[in-house]
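Take a walk through this structure. Begin at the space inside it, then follow the strands.

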Amino acid sequence: KGEEAVPLPEECYQGADIIARAKEFAEIHGDSYVDKDFEELKEFVRKARFDRMGAFAYSEEEGTYAAKQYEDSIPQEVKQARLDELMDIQQGISAELSAEKIGKQMKVIIDRLEGDIGRTEFDSPEVDPEVLISHSGEELEIGQFYRVEVTDADDFDLYAKIMNKYE
């Protein structure tokens, strides 16, 4: 509604393990979303440095307020190019933040046994990155929490070894 978010002072979160989930919708329909707005969105993503971020290109959904009130005049190619650019920025940020986790211990829950795949206590199933666990010979249990040490990382996923089971 035209209101600006007020950022928290850095001392409120500096050094803290804070997990925040938010859904941000950029109105990219019609002529109301101009290049300046997209530049502001990119700068926001660079400053926020999200561990994880999902995005999608706007598409009209029949019967919604936006579909009734606004003309979707931005070509699909422009939407896709903006999405690709935004996700390229996030991929670089995610790679840096994932690399910082190497050598750290984390709590994970095992989601599936094919490949020993889990997720950290900060991640949602099926949408967030995974923790791929090197096989230690120990039979892992789905739904069980384990302490792992992160041994490697790529742009989105972490690789880890089991340290012990949480009791």
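Helix 3 (residues 76–99) contributes the most to the lining of the largest cavity, with 3 residues. A cavity here is a set of points, on a 1 Å grid over the protein atoms alone, where a 1.4 Å probe fits but cannot get out. Lining residues have an atom within 4 Å of a point. The largest cavity has 14 of them. Arg52, Ser98, Lys101, Pro129 and Phe156 lie nearest its centre. By class, the lining has 6 nonpolar, 3 polar and 5 charged residues. Nonpolar covers Ala, Val, Leu, Ile, Met, Phe, Trp, Tyr, Cys and Pro; charged covers Asp, Glu, Lys and Arg; the others, Gly among them, are polar. The volume of the largest cavity is about 100 Å³. That volume is the space filled by probe spheres set on the points, with grid points joined across faces, edges and corners. The count of cavities of 30 Å³ or more is 1.

A word on the model. It is predicted, with local features needing pLDDT of at least 70 and side-chain atom pairs pLDDT 80 or more, while totals for chains, interfaces and linings use all residues. Residues are numbered from 1 along each chain as its sequence is written, and side-chain values use heavy atoms, leaving out hydrogens and water.

Now step back to the whole protein. It has 3 helices and 5 strands. From the N terminus on, they run α-α-α-β-β-β-β-β. Both kinds are DSSP runs numbered from the N terminus: helices are H or I with at least four residues, strands are E with at least two. Of the 167 residues, 28% are buried, a label for under 20% relative accessible area, with exposed over 50% and partly exposed in between (1.4 Å probe, protein chains only). Among contacts (heavy atoms within 4.5 Å) with a separation of 6 or more, 60% join residues 24 or more positions apart.

How do the strands pair? Two strands pair if DSSP finds at least two bridges between them. Start with strand 1 (residues 105–112), which runs antiparallel to strand 4 (residues 145–153) and is joined to it by 5 bridges. Lys107 has Arg147 of strand 4 as its bridge partner. Strand 1 also pairs with strand 2 (residues 117–120), antiparallel, over 4 bridges. There, Val108 stands opposite Thr120. The hairpin of strand 1 and strand 2 has 4 residues between the strands, and Gly115 takes a positive phi near 90 degrees in this hairpin.

Return to strand 4. Strand 4 pairs with strand 5 (residues 158–165) in the antiparallel sense, over 7 bridges. These two also form a hairpin, with 4 residues between them. Glu149 has Lys161 as its bridge partner in strand 5. Arg147, the partner of Lys107, stands opposite Asn164 in strand 5.

Strand 5 has a parallel neighbour too. It is joined to strand 3 by 3 bridges. Val131 stands opposite Leu158 of strand 5.

Phe122 sits in the loop between strand 2 and strand 3 (131–133). Is Phe122 buried or partly exposed? Phe122 counts as partly exposed because its relative accessibility is 24%. From C-alpha to C-alpha, Phe122 and Lys107 are 9.1 Å apart in space, and 15 residues apart in sequence.

Technical notes: 1 Å grid on protein atoms, 1.4 Å probe; cavity = no way out; pocket = protein on both sides within 12 Å on 5 of 7 lines; lining within 4 Å.
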